[in-house]
Amino acid sequence: MDREALARRYYNVETLRRQARRVLPKVIFDFADGGAEDEVTLRRNESDFDALEIVPRMCTGPAERDLSVELFGRRLELPVLVSTTGLSGILWPQGEICAARAAHAAGTVYCQSHGSTCTIEELAEVAPGPRWFQVFLYRDRGLTASMVERAAAAGCEALILTVDNQVLGQRERDLANGFAIPPRLGLRGLLDMVRHPRWLLRMKGARGISFANYRGAAGHEDDILSLGAYIAKMLDPGLSWRDVAWLRGLWKGPFLLKGILHPEDARIAAEHGVDGVFVSNHGGRQLDGAVSAIAALPEVADAVGDRLVVLLDGGIRRGVDVLRALALGARAVAIGRPHWWGLAVAGEAGVALVLDIFRRELDRAMALSGCARIAEIDRRLLAPAGRGAAPAARLRLVGPARPAPAAG
Ligand SMILES: Cc1cc2nc3c(=O)[nH]c(=O)nc-3n(C[C@H](O)[C@H](O)[C@H](O)COP(=O)(O)O)c2cc1C
């Protein structure tokens, strides 16, 4: 399908999600779509956006909008980054390379996960950037340090330490589907794969999908199961601010923490030389019951002012959600699942389409709200109930406006 036909058929993120659900085996769709335990935080990440009403301004003048934004001295065409997602190569061969190329073409950042199916070096060779790299803190500090060194050598422009994943959340769709370590897919799971021949055929050529950055690290097998178990064992639940300071010392460029929700943590991060934070709950995949990213945002933004670059991920599904997050103090946002739906449907062209959908939707939302530039978007654009420093309680009163994703 050519790009225009693709864009006609998939005119928003939800249409791509529905198609991804059709084309992917259930076990893989659920791995991406699902969250932790009862998925309360996952749902609130989305529904809390709906509760924020925009009060648009009229007759403001300029006929054109400028969606560009500066992050750490680099100008991006769009305030929407591609968030870090491990194992993108299970959706489409060379998934990370497809996504990074699409991000580059859209003029934005691709955040590469530690758990990518290609190495840092392989991505650097084929995706011109800008690329950021995400790490975890491991019991073996040498392993974390070696990833950091490799990211610097490969020209990654920023380092992200994800801080909310040192203990793994319980994702119950994966348990039900047998998508765990060790896997228990059973006959039903195998039939599910066979029932998706297009995905199966496409992936036939992509042999040996694994956590490519760890090849050789475990001292034994490099297959996805052995390395997955090794990584899980290596995560250090004792992560502390001392470790943050240690990593800060290792990395010369912009250094961000991902998974901050408490304003006090953002303040402490600034004191430890951190340059930016992702207000994030890992897309509702870790602590179920955690505050939604958008509800946590204003207090974090207020706590740090200009001392940190504040980004947000979690629940962004529309251009108008980007507008709302920027209004509450985010400098830019990042998308996890939405870019996976594009990838599952059409590889690189699919991710390009997702970014284009966000560009068009944000442009339209800005035009209809009377904003010509990103810098003009602030809290005055929101109805008073959503403007305050702690909208969480008020948001709960409004309640979810979007239906929960069906678990089946
Ligand atoms: C399939 C999947 C894999 C992910 N892998 C990682 C990862 O390796 N490292 C990380 O820091 N976050 C990871 N995340 C979390 C995302 O970076 C991001 O925080 C989340 O997806 C944002 O929510 P959204 O999906 O609603 O946009 C993953 C998310 C998904 C859906």
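**Close-up views of the predicted model**

**View 1. The loop between strand 3 and helix 5 holds Gln94.** The model is predicted. Gln94 has a phi near 55°, a positive value in a residue other than glycine. Gln94 counts as buried because 20 other C-beta atoms lie within 10 Å, and the cut-off for buried is 20 or more. Leu87 is found in the loop between strand 3 (80-82) and helix 5 (95-106). Its phi is also positive, near 60°. Leu87 is buried, with 21 other C-beta atoms within 10 Å. Most residues other than glycine have a negative phi.

**View 2. A cis peptide bond joins Gly129 and Pro130.** Omega is about 5° here. Pro130 sits in the loop between helix 6 (120-126) and strand 5 (131-135). Most peptide bonds are trans.

**View 3. Helix 13 packs on helix 14.** Helix 13 covers residues 263-271, and helix 14 covers residues 293-304. The angle between them is about 35°, and their axes are 8 Å apart. The crossing is right-handed. From helix 13 come Pro263, Ala266, Arg267 and Ala270. They meet Glu299, Val300, Asp302, Ala303 and Val304 of helix 14. Six residues of this contact are nonpolar, three are charged and none is polar.

**View 4. The largest nonpolar core has 124 residues.** Val277, Val279, Leu297 and Val300 have the most contacts inside it. Helix 16 (residues 337-369) supplies the largest share of this core, 16 residues. Leaving aside residues up to four places away in sequence, Val277 touches Leu256, Leu257, Ile260, Ala266, Ala269, Val300, Leu308 and Val310. In soluble globular proteins, nonpolar side chains tend to be buried together.

**View 5. Helix 4 is largely enclosed by the rest of the structure.** This helix spans residues 40-50. The reason is burial: nine of its eleven residues are buried. They are Thr41, Leu42, Arg44, Asn45, Glu46, Ser47, Asp48, Phe49 and Asp50.

**View 6. Glu376 lies in the loop between helix 16 and helix 17 (384-387).** Glu376 is partly exposed, with 18 other C-beta atoms within 10 Å. Leu326 is 50 residues apart from Glu376 along the chain. Their C-alpha atoms are separated by 9.7 Å.

Technical notes. Residues are numbered from 1 along each chain as its sequence is written. This is a predicted model: local features need pLDDT of at least 70, side-chain atom pairs count only at pLDDT 80 or more; totals for chains, interfaces and linings use all residues. Axes are lines fitted to C-alpha atoms, for helices over the stretch in contact, and angles run from 0 to 180 degrees between N-to-C directions. Helices (H or I, at least four residues) and strands (E, at least two) are DSSP runs, numbered from the N terminus. A crossing is left-handed if the near helix is turned anticlockwise from the far one by less than a right angle, and right-handed if clockwise. Two residues are in contact if their C-beta atoms, placed from the backbone, lie within 7 Å. Ala, Val, Leu, Ile, Met, Phe, Trp, Tyr, Cys and Pro count as nonpolar, Asp, Glu, Lys and Arg as charged, and the others, Gly among them, as polar. A residue is buried if 20 or more other C-beta atoms lie within 10 Å of its own, exposed if 12 or fewer, and partly exposed in between; C-beta atoms are placed from the backbone. A nonpolar core is a set of buried Ala, Val, Leu, Ile, Met, Phe, Trp, Tyr and Cys residues joined through C-beta atoms within 7 Å.
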